[in-house]
Every structure is written in C-alpha cells, then in structure tokens.
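Hi there,

Here is the structure I promised to pass on to you. Have a look at it first, and then read my notes below.

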Amino acid sequence: MGAEVVVEGLTKSFGNQAIWRDVTLTLPPGEVSVMLGPSGTGKSVFLKSMIGLLKPDRGRCLVNGVDIVTCSERQLYETRKLFGVLFQDGALFGSMNLFDNVAFPLREHTRKSEAEIRRIVLEKLDLTGLQGAEKKLPGEISGGMRKRAGLARALVLNPEIILCDEPDSGLDPVRTAYLSQLLIDLNAQIDATILIVTHNINLARTVPDNLGMLFRRELVMFGPREVLLTSDEPVVEQFLNGRRRGPIGMSEEKDAAQMAEEEAHAAAGHSDGSSAEDVRGVVPQLEPTPGLPERQAVRRRKDRVMSVLRSLPSAAQEGIIASLTPDEQARYQVTAQPTPYPRVESISGDLGDPAWPGVRP
Ligand SMILES: Nc1ncnc2c1ncn2[C@@H]1O[C@H](COP(=O)(O)OP(=O)(O)OP(=O)(O)O)[C@@H](O)[C@H]1O
Ligand SMILES: [Mg+2]
C-alpha cells in the first residue's frame with residue numbers, strides 16, 4: 001500500500017508574497033486525490049514543498065513519519081525515493097533521448113543491470129503509449145508525448161506516492177480520457193498514493209477519491225469527492241463549471257461590486273460563455289479496465305468515509321449513500337435518507353479526517 005502523507009499547518013511565502021497558509025490535509029494511503037485551484041494559487045509550489053524542493057515557512061509534511069520540512073538531507077534523499085513526480089513542464093533532459101530520460105532514476109538510484117533497466121524502461125514507455133519513440137529527443141516530440149514521457153519516468157522506481165502536476169495539459173480530449181483511465185489503472189496495479197494537480201474538470205469529476213481546492217491563499221476544502229462535487233461553495237461551483245461568474249477573476253479575485261453586477265447580468269438571462277446548464281452532483285467514478293485487479297483503496301475509502309459520514313454536508317451524504325450498493329447500505333446500516341443537517345454556510349479543512357470538527361455555522 002502507498003504511504004500516507006500528512007500535511008499540517010503548512011505555510012509558504014516568497015519574501016513578502018504569501019502563497020498559502022495553514023494548509024492541513026491527509027492524503028490517505030493508496031487513494032487518488034486531485035487538487036484544483038486557479039492559476040497562480042500555488043499548486044505547483046505545494047507539490048514542490050511536499051518533496052522538499054521548496055522550504056515552507058511553517059508546518060509539517062509527514063511521509064512515513066519523516067517530516068520533509070525539518071529532516072536531514074540524508075532522510076530527505078531516502079524519502080524522496082518513495083516519490084514519483086511528474087513536473088508541470090515535464091522536466092526532461094533535452095540532450096537525452098526518451099529511453100535515457102526514463103532510465104535516469106534507475107541508473108541514479110539503483111544497481112540494476114542494463115538488461116533489467118531496459119526491460120523496465122520499455123515497459124513504462126509501453127504503458128504510457130510511447131513504444132517506438134525511445135530514440136527521440138524531447139525536442140523532437142509533441143508536448144503531449146513529453147508529458148507522457150515525464151509520467152513514464154515518474155513510474156520507474158515503483159513509487160509509493162505519485163505527484164502529477166497537470167498531467168493533462170497539452171493533451172487532446174481523447175488522450176486526456178486515456179490518461180484518466182491510465183491513472184486509475186495504475187492505482188489498481190500498484191496501490192500507490194496519488195496526488196494530481198489539474199485544471200481538467202472532467203478528470204477531477206471522474207478520477208479521484210478525494211478533491212481539494214486552493215484559493216485566496218488557503219485550502220478552501222479537502223475531502224471525499226462527493227463533498228466538492230455537491231458543494232454550493234461559490235468558488236468550488238464556479239471552478240467545477242468553468243464559469244466566469246463567481247469569485248474567481250482573471251487575475252485571481254473579484255470584489256463584491258463586480259460580483260453583484262455579474263449576478264444581475266446572469267439573472268437577466270445573459271450568457272457568460274460557460275455551458276448552458278450548471279452541473280453539480282456526484283458522477284460515477286472511473287473503474288479499472290476489466291481484467292485488472294480491483295482498486296484496494298475503494299474498500300478502505302468506503303470504511304473511512306462512512307465513519308465520518310454524519311459530519312459531512314447533507315448533499316454529500318446523499319451522494320455517498322446513493323453510490324453504495326444495496327448490500328453495502330445494509331452493511332453500513334444506512335438508508336438513502338440522510339439525517340437532516342443544518343444548512344452549511346462555510347466549511348473548510350480536511351473533511352475526510354475523523355478528527356475534523358465538522359461544520360462551521
Ligand atoms: N521559486 C519561486 N520564487 C518566487 N516565487 C515563486 C517561485 N515559484 C513560484 N512562485 C510564485 O508562487 C505563486 C504560485 O505559483 P505556482 O506555480 O505554484 O502556481 P500554480 O497554482 O501552479 O499555477 P498554474 O495553474 O498556472 O500552474 C506565483 O505567484 C509564482 O510567481
Ligand atoms: Mg502549476
């Protein structure tokens with residue numbers, strides 16, 4: 001099973017520019033999580049902080065009990081081997097062909113023979129649809145191929161934790177659908193803990209077990225997918241619908257006057273360029289390709305989510321219960337009638353955490 005990652009009160013600034021503060025969340029072992037957030041909210045900075053490439057001002061990031069923020073160089077080096085990272089720009093070495101790029105971590109961190117390395121590299125290139133391209137240089141292939149090569153390289157050390165920074169950017173919609181399936185299949189095969197940063201709404205709705213969002217220098221929410229997918233928090237709704245109307249503006253935030261004006265405009269029936277009907281609700285999650293093992297995270301997650309069910313907003317409770325089979329509803333002793341819950345004005349924090357205090361009225 002993949003490692004658990006516990007982030008506590010993480011705060012990061014560059015000089016006097018605050019990026020985010022007090023980020024607290026747990027990536028449950030072996031589950032897939034997605035972090036959303038408008039451009040510039042510090043998602044890439046967050047991933048880099050998790051592997052010790054950037055140093056947060058405060059807080060902890062515990063991986064197998066080692067705090068990445070304060071540990072020694074030696075511990076950091078060892079702990080980093082647990083991670084497979086796909087950077088936003090792919091971070092391939094321009095002068096090395098794809099084979100050597102993907103082989104790099106194996107040559108750097110293991111004593112495997114060249115024959116063994118060749119077997120692993122070709123397997124990962126195959127997995128990411130790059131068979132036959134191993135002699136190409138990064139400059140000779142498309143952006144989407146570079147992304148997939150970066151993913152192949154992130155996988156060669158059999159990571160326990162996989163971080164993917166916008167794996168879908170530069171991919172066409174069909175390739176993005178394959179990538180979504182690939183991530184789920186990968187999780188089924190190796191049970192790794194996966195965190196994906198993406199702007200792709202479709203991927204966010206169908207792939208992860210948990211969803212989070214960064215906005216206004218804070219973690220707005222992080223929790224079971226059903227919570228964000230059914231949320232009526234304006235920033236979450238706006239983002240999941242790709243709408244102009246809402247708190248997110250071109251350069252991050254809007255003021256109250258501007259938002260009121262937009263509401264009036266929309267109420268008068270004017271389009272703002274997004275899809276005609278807003279979507280909200282829990283859509284089915286992708287399942288592994290037939291023939292692959294089941295995702296072990298599914299059962300663990302169900303137990304975990306059901307143990308905090310009654311602390312979640314009622315729309316999320318409904319979504320979760322509706323996604324259970326009749327057998328599971330009997331096992332967890334729930335019916336499709338959630339207990340009435342007070343209207344939620346504001347929820348925040350890590351909603352999957354049993355210690356989560358619940359809803360802030
Ligand atoms: N090494 C650095 N030094 C100083 N500022 C930085 C550094 N890295 C990032 N920043 C700043 O931190 C902020 C967040 O950047 P980041 O790349 O994490 O955003 P993001 O959420 O990943 O955006 P996008 O969705 O566009 O990739 C930006 O204002 C950026 O300029
Ligand atoms: Mg980024």
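**What I found**

Helix α3 and helix α4 (residues 114-127) pack at an angle of about 125°, and their axes are 9 Å apart. Axes here are lines fitted to C-alpha atoms, for helices over the stretch in contact, and angles run from 0 to 180 degrees between N-to-C directions. That angle makes α3 oblique to α4; angles under 35 degrees count as roughly parallel, over 145 as roughly antiparallel, 65 to 115 as roughly perpendicular and the rest as oblique. The crossing of α3 past α4 is right-handed (a crossing is left-handed if the near helix is turned anticlockwise from the far one by less than a right angle, and right-handed if clockwise). Where they meet, α3 brings F99, V102, A103, L106 and R107, while α4 brings E114, I117, R118, I120, V121, L122 and L125. Sorted by class, this contact has 9 nonpolar, no polar and 3 charged residues. For the classes, Ala, Val, Leu, Ile, Met, Phe, Trp, Tyr, Cys and Pro count as nonpolar, Asp, Glu, Lys and Arg as charged, and the others, Gly among them, as polar.

Before you go further, please note that this is a predicted model, in which local features need pLDDT of at least 70 and side-chain atom pairs count only at pLDDT 80 or more, while totals for chains, interfaces and linings use all residues. Residues are numbered from 1 along each chain as its sequence is written, chains are lettered from A and ligands numbered from 1 in the order in which they are written, and side-chain values use heavy atoms, with hydrogens and water left out.

α3 (residues 98-109) also packs with helix α5 (residues 143-155), at an angle of about 30° and with the axes 7 Å apart. So α3 is roughly parallel to α5. This crossing is right-handed. On the α3 side you will find L98, N101, V102 and P105, meeting A149, A152 and R153 of α5. This contact has 5 nonpolar, 1 polar and 1 charged residues.

Now for the whole chain. There are 13 helices and 12 strands (helices, H or I with at least four residues, and strands, E with at least two, are DSSP runs numbered from the N terminus). Of the 361 residues, 51% are buried, where buried means under 20% relative accessible area, exposed over 50%, and partly exposed in between (1.4 Å probe, protein chains only). Among contacts (heavy atoms within 4.5 Å) with a separation of 6 or more, 67% join residues 24 or more positions apart.

Is helix α1 (residues 43-50) enclosed or open? Seven of its 8 residues are buried, so α1 is largely enclosed by the rest of the structure. Those buried residues are K43, S44, V45, F46, L47, S49 and M50. After α1 comes G52, with a positive phi near 75°.

Two other residues have a positive phi without being glycine. N64, with phi of about 50°, sits in the loop between β4 (58-63) and β5 (66-67) and is exposed, at 52% relative accessible area. E166, with phi near 50°, belongs to the loop between β7 (161-165) and α6 (173-190), but is buried at 10%.

R304 counts as buried at 18% relative accessibility. R304 and P28 are 276 residues apart in sequence, yet 9.3 Å apart in space, C-alpha to C-alpha.

Enjoy exploring!
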